[in-house]
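Q: Please take a close look at a single part of this model and describe how that part sits among the rest.

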Amino acid sequence: DPSRVHLALVDPWDTLALLSAVNARAIDVLAIDVNSLLGNDLMLTALSLARQLSRVLPGLRCVLLKSRSVAKVERQLVLPEAFAAEEGPVPRAWLPRVIPAVGVKEYRAAARSWLDRHPGRQRV
């Protein structure tokens, strides 16, 4: 229903302006253009901003980040289950692959899986 869509142009770091634009409406989805954010830690800054906004807007269920840089990270960051299901070589632009793992068992399994799929390289 288009009548339920509200658009506002605000600086997402200006929490007061954002709350004023929201004006007590429940927000389900928020779209943010993070292309204006600069620096080597763009990904962490964008995630930090999304987390801050989720605290300020408790009904927020989804934050859409418009950013070519963040989209590139998506190709590099792969969960262990998705990595295990991949077949064939990945494009060079997707390297290095980043596989997040929490425990010793998980990161050892991810490392073994990587080494098993790339034979001939020296193991450390």
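A: The model is a predicted one. Leu77 is partly exposed, with a relative accessible area of 44%, a value that falls between the 20% limit for buried and the 50% limit for exposed. Leu77 lies in the loop that runs between helix 3 and helix 4 (80-85). Apart from neighbours within four places in sequence, Leu77 is in contact with Val98 and Pro100.

Helix 2 covers residues 42-56, which makes 15 residues. From first C-alpha to last, helix 2 reaches 21 Å, close to the 21 Å expected at 1.5 Å a residue. The buried residues in helix 2 are Leu42, Ala46, Leu49, Ala50 and Leu53. Viewed down the axis of helix 2, these buried residues fall within an arc of 100°, so they line one face of the helix. On the other side of helix 2, Leu44, Arg51 and Arg55 are exposed.

Ala46 can be followed in detail. This residue belongs to helix 2 and has a relative accessible area of 0%, so Ala46 counts as buried, the limit being under 20%. With neighbours within four places in sequence left aside, Ala46 is in contact with Val34, Leu37, Leu65 and Val70. Between Ala46 and Asn35, which are eleven residues apart along the chain, the C-alpha separation is 9.8 Å.

The largest pocket holds about 800 Å³ of space. Its lining has 21 residues, and those closest to the centre are His6, Leu7, Ile27, Val29 and Leu30. Strand 1 supplies the largest share of the lining, five residues. By class, the lining of the largest pocket consists of 15 nonpolar, one polar and five charged residues.

Terms used. Residues are numbered from 1 along each chain as its sequence is written. This is a predicted model: local features need pLDDT of at least 70, side-chain atom pairs count only at pLDDT 80 or more; totals for chains, interfaces and linings use all residues. Side-chain values use heavy atoms; hydrogens and water are left out. Helices (H or I, at least four residues) and strands (E, at least two) are DSSP runs, numbered from the N terminus. The expected span of a helix is 1.5 Å times one less than its number of residues. Buried means under 20% relative accessible area, exposed over 50%, partly exposed in between (1.4 Å probe, protein chains only). The arc is that of the directions from the helix axis to the C-beta atoms. On a 1 Å grid over the protein atoms alone, a cavity is a set of points where a 1.4 Å probe fits but cannot get out, and a pocket is an open set with protein on both sides within 12 Å along at least five of seven lines; lining residues have an atom within 4 Å of a point. Grid points are joined across faces, edges and corners, and a volume is the space filled by probe spheres set on the points. Ala, Val, Leu, Ile, Met, Phe, Trp, Tyr, Cys and Pro count as nonpolar, Asp, Glu, Lys and Arg as charged, and the others, Gly among them, as polar. Contact means heavy atoms within 4.5 Å.
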